[in-house]
Amino acid sequence: MRMSTFFSRTLREAPNGADCKGYEYLLRAGFIRQMGAGIFSLLPLGFRSAKKIEAVIRQEMDGIGGQEILMPLVNPADIWKETGRYYSIDKEMSRFQDRVGRDMVLAMTHEEAVTDVARGEIDSYKRLPQLVYQIQTKWRDDPRPRAGLIRVREFTMKDSYSFDRDLEGLEKQYKAHYAAYFRIFSRCGLPVIAVGSDSGMMGGKVAHEYMYLSPIGEDTIITCPECGYTANRQVATFRKTYASADQLPIEKVATPEAKTIDELCDFLKISPTQTAKALFMVGTFVNSETGEEHEQLIVGLVRGDMDIEENKLQNAAKANGLRPAHVDEIRAAGMEPGFGSPIGAKEGVIVIVDDSVAKSNNLVAGANEDGYHLRNTNYGRDYQGIVADIASAAEGYLCPVCGKPLVSSKGVEVGNIFQLGTRYSESMGCFYQDEDGVRKPVIMGSYGIGVGRLLACLAEEYNDGNGLKLPITVAPYQVHLVSLVKDADVGERIYGELQAAGIEVLYDDRKESAGVKFADADLMGMPIRMTIGNRSLKEGKVEIKLRGNLDETLSLDLDGLAQEVKDLIAKLQGQIAAGIVNKELA
RNA sequence: CGGGGCGUUGCCUAGUGGCUAUGGCGCCUGCUUUGGGAGCAGGAUAUCGCAGGUUCGAGUCCUGUCGCCCCGACCA
């Protein structure tokens with residue numbers, strides 16, 4: 001490609017709103033342009049990178065037996081009503097009616113669609129297992145897109161779906177994905193870790209997320225440097241210690257103005273571990289048969305030295321959604337904000353008690369009366385509720401596996417794998433007849449990778465003060481040919497030679513100053529920059545700089561140039577290949 | 001959905017009620033220049049997001065509205 005006729009241009013300054021480096025450079029280098037909140041175009045450079053990422057994904061998916069398909073972005077609402085997600089998912093899914101008034105949705109994922117397709121094809125155990133995948137556009141009306149391509153509303157996703165006879169088969173496909181994903185990310189050059197995760201709206205059991213660790217991430221990852229335990233904070237567990245003692249009689253104590261745990265502890269001269277903290281949320285519960293929803297007040301109780309992980313609370317309460325409760329809602333249920341506890345709460349309030357509270361004794365808790373707390377409250381004796389782990393893991397807490405201190409980091413989720421089970425096959429009637437003649441629901445798995453988000457993470461990982469420096473496997477072009485000589489013939493000849501050798505070349509044939517050309521080359525960041533200049537031309541050579549190391553200059557003879565460059569490309573590709581992560585799920 | 005910020009030419013930006021709305025980059029023309037965003041000369045591009053209001057006079061003040069960004073809520 002010639003720069004003189006190139007569609008996109010580079011920007012000298014970062015447009016407003018480019019808050020992180022990767023995003024800024026993707027904009028400035030002309031990879032992407034924004035059209036609306038969370039809506040982007042991929043320009044030639046960005047699209048080429050995306051296609052390379054997709055090619056890697058296709059190879060690895062084909063490698064584990066995947067068959068590529070393409071399902072529609074527009075789905076009839078009927079199939080989403082079958083699984084109930086038409087009702088349980090809120091405004092994040094966009095809906096409309098077609099000309100005859102039929103309900104339609106823009107697919108935000110394709111479990112329904114693929115199950116609909118599969119139930120038409122699969123009827124016997126002889127037709128299992130299966131694995132299909134697609135690379136498709138998704139629309140999710142996220143309330144808050146941010147950070148360029150990291151979190152958008154319209155995006156391209158590779159999603160694959162496995163169909164099996166039994167759990168062993170699912171396990172096998174799940175493991176295949178687990179390993180394939182590590183290969184995909186490492187072939188693109190992105191360092192990731194796999195963490196145990198919540199299954200969220202997918203509604204499955206086992207799930208992993210692939211996380212690119214970075215301060216720009218919005219997920220919190222809990223890891224143990226000692227034994228390798230990793231989990232999303234939403235589900236991370238930790239080792240708790242309990243102070244059990246003989247139960248003492250409950251005792252009301254005046255604690256004026258002591259609304260927070262800190263104030264309470266100061267006032268009573270006690271430690272937060274001797275208190276129970278209440279969090280009031282309102283949960284939404286949806287009947288998946290009828291779509292009817294109702295709200296119910298939930299009070300979560302955790303020991304004062306910990307925080308409640310809302311995701312765990314939501315799961316423990318089996319709610320579809322949570323929101324903070326209003327003050328009047330809390331009072332209506334017989335409790336007092338700031339001095340709250342489940343003691344004396346009215347019927348119909350869901351009480352979830354963290355085991356840290358359930359297994360400790362004689363905790364100070366709210367008296368549900370302004371200005372008063374209760375000493376020596378005890379779960380079981382003074383109040384009832386569901387006991388669950390709803391405490392949020394934090395830095396320094398003890399690893400649930402080995403007991404060493406945990407570390408907290410930020411991460412971006414670039415992929416995930418879910419064991420769905422029969423949630424979709426059962427509700428949509430995707431059954432097969434087994435050898436024993438019995439009709440059984442197909443066992444499914446669902447696996448996703450965000451292509452654009454992966455590109456955004458790569459841009460974040462691979463940049464310096466001058467611009468992008470994407471790995472050769474995902475860079476738009478392999479070679480950036482910069483001609484600084486007046487005579488166009490040499491450049492044209494080399495450009496032709498490299499192209500004839502199958503090398504992907506971006507050729508800067510513009511009438512621009514050397515500085516402009518170099519700055520643009522740095523910004524766009526092709527892995528190999530070849531400079532044609534009078535200096536070296538006299539000696540029959542061209543100069544080479546690798547984007548990964550601008551300090552070092554190599555030179556190559558004009559004779560046999562194409563082969564030399566091919567060798568160099570192979571060397572860079574070899575470095576990536578040497579870093580391919582082969583990791584099996586334990 | 002709550003809190004905050006910002007909308008001036010392709011991009012960045014000045015503007016604190018007063019004349020014909022700054023400047024830089026980019027763009028066009030010509031000349032010069034050609035190893036790190038070059039120089040000179042000339043030129044084009046703005047219904048100051050939109051609508052209404054206050055005023056003799058509004059980019060500037062008020063109201064509404066739309067869009068974008070950030071924090072939170074929310075979310076594979």
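## Strands E18 and E19

In this predicted model, strand E18 and strand E19 (residues 372-377) run antiparallel and are joined by four bridges, where strands are DSSP runs of type E with at least two residues, numbered from the N terminus, and two strands pair if DSSP finds at least two bridges between them. Glu 369 stands opposite Tyr 372 of E19.

These strands belong to an open sheet of three strands, in the order E13-E19-E18, with antiparallel pairing. Strand E13 (251-254) and strand E18 (363-369) stand at the edges with a single partner strand each, so one side of each has no neighbour in the sheet. From one strand to the next, the twist averages 35°.

## Helices H1 and H12

Helix H1 (residues 21-28) packs against helix H12 (residues 451-461) at an angle of about 105°, their axes lying 7 Å apart; helices are DSSP runs of H or I with at least four residues, and axes are lines fitted to C-alpha atoms over the stretch in contact, with angles from 0 to 180 degrees between N-to-C directions. H1 and H12 are therefore roughly perpendicular, a term for angles of 65 to 115 degrees.

In contact (heavy atoms within 4.5 Å), Lys 21, Gly 22, Tyr 23 and Leu 26 of H1 meet Ala 456, Ala 459 and Glu 460 of H12.

## Helix H14

Helix H14 (residues 514-524) has as its buried residues Lys 517, Asp 520, Ala 521, Asp 522, Leu 523 and Met 524, buried meaning under 20% relative accessible area with a 1.4 Å probe, protein chains only. Gly 525, which follows H14, has a positive phi, near 70°.

## Basis of the values

Residues are numbered from 1 along each chain as its sequence is written, while chains are lettered from A and ligands numbered from 1 in the order in which they are written. Local features need pLDDT of at least 70, side-chain atom pairs count only at pLDDT 80 or more, and totals for chains, interfaces and linings use all residues, while side-chain values use heavy atoms, leaving out hydrogens and water.

Key. Buried < 20%, exposed > 50% of the residue type's maximum accessible area, 1.4 Å probe, protein only. Parallel < 35°, antiparallel > 145°, perpendicular 65-115°, else oblique.
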